[in-house]
Amino acid sequence: MNITTLRAALLAAASPLVLAGGVHAQSADVPAAQRQLEVITVTAQQREQSLQDVPVAVSAFNQTQLENSGIQHIKDLIVLAPGLMVTSTQSETITTARVRGVGTVGDNFGLESSVGVYIDGVFRARNGVGFGDLGELERIEVLRGPQGTLFGKNTSAGVLNIITQAPEFEFGGNAELQVGNYDLRRLSGSITGPIVEDQLAFRLFAVTNQRDGFTTLNLRQGGTSTVSESENQDYYTVRGQLLWTPSATVTGRIIADFSDRSEFCCSAVQWDYNPQIAAIVGQLGGQVLSPANPDARQAFANTPYQQDVTDWGVSAEFDVDFDAATLTSVTAFRRWENTRTQDIDYSGLDIAARLDGNFTNLERFSQEFRLQGVRGPLDWLVGGFYSNEELELGDAIRFGSQWEPFLGILLTAPSGTPSPAGVSQTVSNLTGGAVNIPVGSAITAGSGVSADLYNQSATSWALFTHNTYQLTDRLAITGGLRYTREEKDVTATFSTNAPAACAALEGAFGLNPVSGWIQAGTAGSLPAATITGGAVAIGNICLPYARTGLDNTGYDQSRTDEELSGTIRAQYDLTDDVMVYGGFSRGFKAGGFNLDRQFNGPLTPGVGYTDVDTSFAPETISAWEAGFKSTLFGNVLQLNGNFFYQDIEDFQLNTFNGTAFVVESVDEARSYGAEFDFLWLTPVEGLDISGGYAYVDTEYQTITTTDPLIAALEGQNFSLSPENFFNLAVNYERGLGNNLMTRMGLDTRYVSGYNTGSDNDPEKFQDSFTVLNARIGLGSEDERWYVELWGRNLTDETYAQVAFDAFAQGRRGTAGADGGEWTQPRNTASYAAFLGAPRTYGITLRSRF
């Protein structure tokens, strides 16, 4: 949808609201007084301030805005926040947020996100760990740009600061029921009130949610095909809180929560399938859509996509007021556990899968102290932070009964219709008969299994200060500094029962069979084409998960990172209603280890790889920013904007090359652009319009690597980074008399085209699209009851969250860049994609008391 069409659609959608409001306003006997914007209080600088007084690019959404837009998960937030991208891939727990184009691919738990997620003051160790039903929300703040002074570790690109509703000393509660298409059934409720008057109050919230899947999954197991659904939902969450005020100077908030998810997720549809690969799949008895048709939402597998997640934690935040300062303590412990199965080739063939032995356990303790006060013109804050994280990860991949027959046909087939062939023919053809290995059809299911275990410990501590000095009534200077030290240790063990083909090649050419073959071929004076062809064949047969070179060694690695980050800003009040600001900030995200198989250490014959180095460098962002905040036309229009430029050093890039995840540090990258948002209380009583626009231009500037696929990114834009974002929300509320009221609303989000693949393969490009949501409701003015009809993605847009190379199903040509464009063909490569949600609709019943 182009901008002209989008504008027409928005005007058409808003017209009934404006006309209805106009009629209502004209029929009133006495014109209503113009409404005024309420002060939005935020904690973007770890103290309560008006949104319009904070010299930081931050968007804040209160309870009413979030409820009107149906925000229940982090991913829902993109409809309101311009410049924010949130995507998920293999599992809903593998969720990644990006701000100003900067984020971290979440499929590898060795990498932590550049965008920090905080829920009630507690940092969530990965974006996916913060994924879930957020429940009753008081406010969400989206802080853009480095926030490494106050918000601690791994907030080099921004922060999602989520605040849930606190207990109240007045008894009350609510209940809500949602039903919708795909058999959605969501039931939630809460109750709050006093336990000891004016001293102890509680709040208890619970939600359960079930929904059928968005994708039709053709599941083939044991020669039998069944049709089921994938991307379903089945979870529950319970959150209990206590608010304790034992005296006039002490306030404490204690929170405990528990969530459990057991879902069938996440399958991928065929995004762009090579006809030759489709023919091979069909020849071996598998199903495929040829040509690919993502709109059909059809997926194929021979292993279920089952994810089971438990997430629980406790936290305590206490504020103690002294005469000249307030001491804040935030203590938290969280544990997150995930097990899953996965058909990693996303086809109906028995090629490769994750079954038992795939799990992630993440345990984290943190403690933060802040002391803050005001002394004359100085608003000062000092603090300290400590965290300890224990990560245990198991990754087990089984090569199936059709792995070697499939690979044998793939590697030997000429262009066009393939002919049957085994791996023995493959190696014989491509190595000039230099080695013979067992025929692939003789391999039994499950004969090749890799089982990898990683244990990582991370300890982080920091000291920080953040201070604002009021030079004059209108001019203030803010400065912050943080010293961070982070230590990480990882041990890994490997156990591989290699498929017979790879085992034979390792026996013939050593634990690095590709290198061994090249040496043997060169010594034997074989033709260059034969050597190259054999290397390609052996590399495919002996994928990282099939090689045994790490089994006898494993590895034990450690690293320490230290960094100074901080900010310096100036703000000036041009008038009582307009403020301008500018400054510099530097963010830091610690380095880490690639928790995936990597063969780069010295190779000792008969022993294996030793001194393997899987580490990657810290990521730093230096950002310059200038902006304004304004409240105009008698406090009815809030208009904020900023311009930014960010230099990024050692950007942590995680990309899937079709067989494994590769982590590389991009030496230099940059991001620049502009962001604007507004909220307008129109002259039509009850009609509010809000929205925003973001322009983001990104570029990988300098890359030093031996990987040609990564090298080709130099000069190109970041993946998952549209250049243009546009958000608009129209809300209208009107009384109908007799204690009745109605609400209607429309939300829309437009993004320009962008590449969804971290390698910027042009086949993974997603064209621009618009998502449109709407709702209309009726209820009592005292909110005793309310009923609402709603719809999301009403135009049923099909779009890729992430497109990727189908595992081992073809090979791209060698990447080459010319002005940022690939110059080589895709050759035999095939692609799959994780799609965004289709059109959904339903009804919500709500009661408050």
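## Basis and disulfides

A disulfide is taken here as a pair of cysteine sulfur atoms within 2.5 Å. The model is predicted, so that local features need pLDDT of at least 70 and side-chain atom pairs count only at pLDDT 80 or more, while totals for chains, interfaces and linings use all residues. Residues are numbered from 1 along each chain as its sequence is written, and side-chain values use heavy atoms, with hydrogens and water left out.

## Cys502 and Cys542

The sulfur atoms of Cys502 and Cys542 lie 2.1 Å apart in a disulfide, which is right-handed because the torsion about its S-S bond is about 120°. The pair links distant parts of the chain, 40 residues apart, with Cys502 in helix H6 (residues 500-509) and Cys542 in the loop between helix H8 (528-541) and strand S26 (555-573); helices (H or I, at least four residues) and strands (E, at least two) are DSSP runs, numbered from the N terminus.

Cys502 counts as buried because its relative accessibility is 0%, and Cys542 likewise counts as buried at 5%, where buried means under 20% relative accessible area, exposed over 50% and partly exposed in between (1.4 Å probe, protein chains only).

## Cys265 and Cys266

In the disulfide of Cys265 and Cys266, the sulfur atoms are 1.9 Å apart. This link is right-handed, with 70° about the S-S bond, and both Cys265 and Cys266 are buried.

## A three-stranded sheet

Three strands form an open sheet in the order S14-S13-S18, with mixed pairing, where two strands pair if DSSP finds at least two bridges between them. Strand S14 (224-230) and strand S18 (298-301) each have a single partner strand and stand at the edges, so one side of each is left without a neighbour in the sheet.

Strand S13 (residues 215-221) pairs with S18 in the parallel sense over four bridges, and Thr216 stands opposite Gln298 in S18.
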